[in-house]
Every structure is written in C-alpha cells, then in structure tokens.
Amino acid sequence: MDEDEEQRRRLKLEEALEIQSLRRIVTAYLNYPDASEEDVKRYERSYKKLPPAHKDLLSHYPLKFQRLRRCISMNSHFIFSMLQAFEPPFDMNQDIDVSGDSHAEHAQEDHLVCQANNACSCETDPVRITFCDQHGCVEGSNDTCRSPVQDVDIESHHQSDARSHPLSSAPSKECEEYGGSTISDSNGNVSSSGQHFSDPSFQMYVPLVDIDKVRCIIRNIVRDWASEGKNERDQCYVPILEELNTLFPNRSKESPPACLVPGAGLGRLALEISRLGFISQGNEFSYYMMICSSFILNNSQTTDEWTIYPWIHSNCNSLSDSDQLRPVSIPDIHPASAGITEGFSMCGGDFVEVYSDSSQAGAWDAVVTCFFIDTAHNIVEYIEIISKILKDGGVWINMGPLLYHFADMYGQEDEMSIELSLEDVKKVALRYGFEFEKERTIETTYTTNPRSMMQNRYFAAFWTMRKKCATMQVASE
C-alpha cells in the first residue's frame, strides 16, 4: 500500500469513526423524551405500590406526574428544534464500516465535560460569527487561523465537506402533548425530530449514560444562557472579564487582541470576551455541546425565546414541587445583538490536536481556561501547548478546580491520567516560562440548582500568569 493510499484509508476511517460517534450523540438527543417517560412511569409504579392511606396523603402526585410530562414535552420541543437546525458535516446516512479497527470502540465515546458558533440570525442584518476547525476558518478576518480555508458547518476535528448552516425560525410555542418521537405545540403543529435523522442508523440502543449527558447539557444551558445562571457566571466569568479588561486597557478596534478559550462549552464566556473588544475564539471537543451552542448562537431570534425545565430529572433535595418544576427562559441575551467583535469564532476539535499545530505558535495574546485544565489526560501537555501558542508577554488566565476527568476510568488500562496537585501544576507552569502576576481562590458552584437543598461548592484556583519573553526564559535557566 503506497503512502497516498494509506493516507486516504486513514482519513476515510477517521470520518467513519466520527460519523459513528455523532450518530450515537444525535440518537441520545432523539431518545431523551422516551427515556424521560420511562422515569415518570417508574415514579408512577412506586406510587401505585403505596398503601391507600399513604396514597391519600400524596393525592397530588398524579397531577405532578402530569406536569412532569408537560415539562418533558417542552424540553423535547427545544431539543427537536435544535436537531432540525443542525446540519451535520457528513452524510450521516452513508454506510460505514469500522469493523476490525482497534479504535472503533473509542469512537463511541464523547468526552463531555459536564461543566462549550457561528452565524447569528436576527430580524435585522445578521451578524456573522466564524466557524472553523483545525484546517482553517470559514469566513472573517481572524488571522489566528492560518491554515487553508475549509468550509465547515458544525466544527469538526476531522476534515469534511460541509453544507452552509441554515438559519431556522423553529416555533417556540408551548408544548401541550407528549407523543414520543413528535412534539406538538398549542396549535397542534407537529415538530418532528428532523428529516435527515429518520434513517434506521439512528434507531440504535442508547445507554443511560448518554441520556444523562443530554440532561447535563440542559443544566449547562442555564449556566450560560439563562438569567438564573447569572450568579454562577458572576462568580466564574466576571473575574476573568475584569482581568482581561485591566490587562488590555487600550484595545484597538483596527487590531484587537486575540483571546483563545479552550473548553468553551456552550460559548457564553467566549461571546462575552468578544463583547469586550477581543478577537475571541472558543474551542470545544464535545458534539453534545457544539450542537446546542450552535443552535443558540445561530438561531435565537429574541431573548427568552425558549422555555426549558432543567431541574425535573432529580427528585432529591427539592424544597417543593414548584421549585423542581419551575420554568427557565433562554437565552437571556440575543447573541446577534450583543455587540460582538468581528472575528468571533468557535473551533471544534481536541485542544491538543488543534493547537499543537505549528501555525498556532505565538498566535494568541491571551488564553482563558475556565473549568478546563482538569479535562486533560496529561495536564503537563496542556500547559506546554498554552505556553507555545501564547505570544511573548501573553497572559494565561485560569479559573477552576482539579477534578481530573479521567481519574476514575477503571478497567481501561490504556487510559492515561496525570493528576497533579495545585502545587505541582504551578511548578510545571514556571518551567514552561510562566511567571505569576495574580493568584487567589474563588468559591463557586457549577451547574448547580440554586434552590436545591444540596449545594456542591468548589474553591477554585484563579490566577493570571504571563509568558516571559524568550530572552528572559533563557536567562532564568
């Protein structure tokens, strides 16, 4: 087999693996209403087993179950509208064959960080936000993506031919009926799950862990795009934004400073940095996140357009049924009208794969990591790349804990996880040419129900480090 043929075979396999993974993720979204209905049926079975006297004390429960189904219907309406607007970067209905490949099993995994786009549509002239992958940007003038331009729709860490992303005006009217794979609004209009997802390849078994990731996304929406999430955003994002504003006081509109946000999740922090006057690029690996952030940024027509019910999937630690079943409106701002800086983009793919490319060396004035560095298999590698991609004198602002995401991967002998203490993280950073400018601890929560009786709190490390210039690094060695 010659080198060109081997390269073609490798690229074809990579695309097949990504299609396989994306099918599973889309199927998890599609199965959200059925899995949620099974939960309600389980609650009903438990209720029916109660002695009559106990049932009398809980006579309001049948009404609660009815309200739960209504909430599930509303969440499903949002999810299916999101999927209708999603145009995959591949032909998802094509036959794929990954049999016999040792990496096929890993294609089924999405390393979702339960902790992130492009063209925003609005009633006036649309604001264009760039999509790119490691092969380059679709549009805009962000010179930090220097690779050849590649048309991509949803950001992908593999090369692909992509279609342009349509702007959707999916209705946001209240859902009244739950019907499994279809959702109807108050006028009886049916919202299907998307014509391009009707293929039998999407009728697959979905493990409950995948459905849990969908529920996690719904909670993440509150953190990034709801008024109810403002307190968490104030705890986590505001210190970062204030620090950037202080460090770059004289930002030029003609040549704005460039800021990278790895692990951008649903995109709010990257958008807020863009609003400050930076060329902001978010980087996100999870398709669960990217499908959702793309929908909110691309398709939101107005504030509070959608209503979701993020807290319905836990009966524990609720003060009342009304707290558990309360609605949350999203988004709290209209992204297209938010005053973003030209060049705002989201780049999809693994941070190490995308930003270890030589074209990224010295490309960024600032790197912001928020609840991100503990997602690494090898945190030393993360720090090395952050140092490499920063300009001399560039700043690294970090906020977050060290809850290493691969620390508990039992039974997977090949799974690498380097779990450093905060003290060792700092030592490694110093070895890669950083010097501390500020450091403190910030108490915060993460996607926490503010009305829950249980509140998990982090004492997160917040710091600003500056990359010393090359001559200073040599002198200090």
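Phe371 sits in the loop between β11 (364-370) and α11 (379-389). This is a predicted model. Phe371 is not a glycine, yet its phi is positive, about 50 degrees. Most residues other than glycine have a negative phi. Phe371 is also buried, with a relative accessible area of 3%.

Asp304 has a positive phi too, near 55 degrees. Asp304 lies in the loop between α8 (287-299) and β8 (306-308). Its relative accessibility is 42%, so Asp304 counts as partly exposed.

Next comes a proline. The peptide bond from Ile330 to Pro331 is cis, with omega near -10 degrees. Most peptide bonds are trans. Pro331 belongs to the loop between β9 (328-330) and β10 (345-348).

Now the cysteines. A disulfide is a covalent bond between the sulfur atoms of two cysteines. The count of disulfides here is zero. Cys236 is in no disulfide; its nearest cysteine sulfur, that of Cys370, is 5.0 Å away. The cut-off is within 2.5 Å. Cys236 is buried, at 0% relative accessibility. Cys71 is buried as well, with a relative accessible area of 4%.

Last, a cavity. The second largest cavity has a volume of about 50 Å³. Which residues line the second largest cavity? They are Ser36, Asp39, Val40, Tyr43, Leu68, Ile72, Ile312 and His313. Both α2 (32-48) and α4 (61-85) supply at least two residues each to this lining. α2 gives the most, with four residues. By class, the lining has five nonpolar, two polar and one charged residues.

How values were computed:
Residues numbered from 1 in each chain as written. Predicted model: local features only at pLDDT ≥ 70, side-chain atom pairs only at ≥ 80, totals over all residues. Heavy atoms only, no water. Buried < 20%, exposed > 50% of the residue type's maximum accessible area, 1.4 Å probe, protein only. 1 Å grid on protein atoms, 1.4 Å probe; cavity = no way out; pocket = protein on both sides within 12 Å on 5 of 7 lines; lining within 4 Å. Points joined across faces, edges and corners; volume = space filled by probe spheres on them. Nonpolar A, V, L, I, M, F, W, Y, C, P; charged D, E, K, R; others polar.
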